[in-house]
Amino acid sequence: MAAPYQEIAAELRRQITAGELQPGDRIPSTRALVRTHGVAMATATKALTALQQEGLVHSLPGVGTVVGPAPRPPGSAVGSTRSGFGVLHPTSGSLSQEEVVRTAIWIADAEGLGALSMRRVATELGVSTMALYRYVGGKEALVLQMVDVAIGEFPMPRREPAGWRAVIETAARAQWAAYKAHLWLASAVSIGRPQVLPNLLPHTDAVLRAVRSFGVDANTSMYAAITVFGYVRGVALNLESEAHAEQDTGMTADEWADQQAGRLAELIVEQDLAGFRALAEPDGFEFDFQLDDLFEFGLGIVLDGLAVKLQRLRTPLR
């Protein structure tokens with residue numbers, strides 16, 4: 001008798017083979033499989049993993065598990081072949097540090113940082129795990145290089161805009177764009193123990209120079225830069241969790257909010273929540289929540305407050 005995960009995988013495999021699920025179509029999420037088949041989350045996950053190992057499906061950030069083999073990692077060897085769970089078998093040449101890092105980024109983009117391991121990267125490249133250490137060191141060193149490469153895709157412009165505020169906005173939006181492109185990135189960046197990386201430092205340097213125009217001391221300058229990037233990272237941490245929530249529930253944030261509307265209305269009446277009640281007056285209220293809009297709204301507030309603070313602390317330049 002087949003195990004429960006095998007039965008689930010077999011049914012999904014049948015749908016894919018029969019064309020009921022086409023390439024690019026979304027596979028039911030693990031949570032949906034739990035509800036439909038009455039199994040544990042681990043069983044549902046194992047079923048999807050089995051299909052991934054066969055190359056029938058792959059994870060797509062912000063979407064979920066979709067039909068079709070995973071795309072080849074950027075920088076993969078020319079003439080490579082793919083089998084099983086997307087294993088690359090280089091047919092010529094040798095590895096490079098860039099190839100290892102790009103493959104690691106590809107894995108993290110598709111499945112999250114939790115799926116990343118030296119063994120997994122080695123498997124994708126078709127080499128032994130020990131072979132990777134000569135190129136990137138251990139996993140901690142690899143993640144640092146991934147952060148540097150990912151941030152490097154969104155550099156500060158050579159010609160910065162005029163004015164301190166425009167410079168800081170440019171740096172903040174560059175990091176926001178990086179976080180959106182690589183959902184794992186925000187969790188890999190540290191505010192308390194900042195990584196000293198070539199592609200990361202120019203962002204901070206731009207903010208420090210912008211703040212310096214106020215003539216404030218070194219501590220104030222550093223706290224200002226940390227505040228800005230801490231805000232951006234804080235909002236960006238929601239990008240990955242929102243993508244996972246959408247994958248698990250099968251609902252967008254707006255769809256989820258619509259589902260909660262009835263209960264919210266009840267609580268507003270029960271607890272006499274005047275602030276919420278006023279939102280619906282006089283013609284009702286519809287809130288279109290977007291993380292991009294939240295980022296821009298909050299960035300404006302941060303910079304407005306920063307301007308007031310720096311003006312108060314302004315000292316003559318020496």
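**Helix packing and buried residues in a predicted model**

Start with one contact. On the α8 side we have Trp164, Arg165, Ile168, Glu169, Ala172, Arg173, Trp176 and Lys180. They meet Leu291, Asp292, Phe295, Glu296, Leu299, Gly300, Leu303, Asp304, Leu306 and Ala307 of α14. By class, this contact of α8 with α14 has 10 nonpolar residues, one polar and seven charged.

Now the geometry. Two packed helices are described by the angle between their axes and the distance between the axes. Helix α8 covers residues 164–181, and helix α14 covers residues 291–313. Their axes come within 11 Å and cross at roughly 150°. Angles over 145 degrees count as roughly antiparallel, so α8 and α14 are roughly antiparallel to each other. The crossing of this pair is right-handed.

Before I go on, a word on confidence. This is a predicted model. The mean pLDDT of the protein is 80. Of its residues, 81% reach 70 or more. Which element has the highest mean pLDDT, and which the lowest? Helix α8 has the highest, at 94. Strand β3, residues 81–83, has the lowest, at 32. Over residues 77–93, pLDDT stays under 50. For that stretch, the model has 47 contacts beyond four places in sequence.

Next, the whole protein. Its secondary structure comes to 14 helices and four strands. There are 318 residues, and buried ones make up 36% of them. Take the contacts with a separation of 6 or more: 67% of these join residues 24 or more positions apart.

Helix α4, residues 97–111, packs with helix α6, residues 129–136. The angle is about 110°, and the axes are 9 Å apart. Are α4 and α6 roughly parallel or roughly perpendicular to each other? An angle of 65 to 115 degrees counts as roughly perpendicular, so that is the term for α4 and α6. The crossing of α4 past α6 is left-handed. From α4, the contact uses Gln97, Val100 and Val101. From α6, it uses Leu132, Tyr135 and Val136. The classes here are five nonpolar, one polar and no charged residues.

Glycine 126 follows α5, and its phi is positive, near 70°.

One is histidine 182, in the loop between α8 and α9. Is histidine 182 buried or exposed? Its relative accessibility is 5%, so histidine 182 counts as buried. What does histidine 182 touch, not counting residues up to four places away in sequence? The list is Ile105, Asp109, Ala150 and Glu153.

The other is valine 67, in strand β2, residues 64–67. Valine 67 has 6% relative accessibility and therefore counts as buried. Leaving aside neighbours within four places in sequence, valine 67 is in contact with Ile16, Leu21, Gln22, Pro23, Gly24, Asp25, Ile27, Leu56, Val57 and His58. One more distance for valine 67: its C-alpha atom is separated from that of leucine 12 by 9.9 Å. Along the chain, valine 67 and leucine 12 are 55 residues apart.

Conventions: Residues are numbered from 1 along each chain as its sequence is written. This is a predicted model: local features need pLDDT of at least 70, side-chain atom pairs count only at pLDDT 80 or more; totals for chains, interfaces and linings use all residues. Side-chain values use heavy atoms; hydrogens and water are left out. Axes are lines fitted to C-alpha atoms, for helices over the stretch in contact, and angles run from 0 to 180 degrees between N-to-C directions. Helices (H or I, at least four residues) and strands (E, at least two) are DSSP runs, numbered from the N terminus. Angles under 35 degrees count as roughly parallel, over 145 as roughly antiparallel, 65 to 115 as roughly perpendicular and the rest as oblique. A crossing is left-handed if the near helix is turned anticlockwise from the far one by less than a right angle, and right-handed if clockwise. Contact means heavy atoms within 4.5 Å. Ala, Val, Leu, Ile, Met, Phe, Trp, Tyr, Cys and Pro count as nonpolar, Asp, Glu, Lys and Arg as charged, and the others, Gly among them, as polar. pLDDT is the predictor's confidence in each residue, from 0 to 100. Buried means under 20% relative accessible area, exposed over 50%, partly exposed in between (1.4 Å probe, protein chains only).
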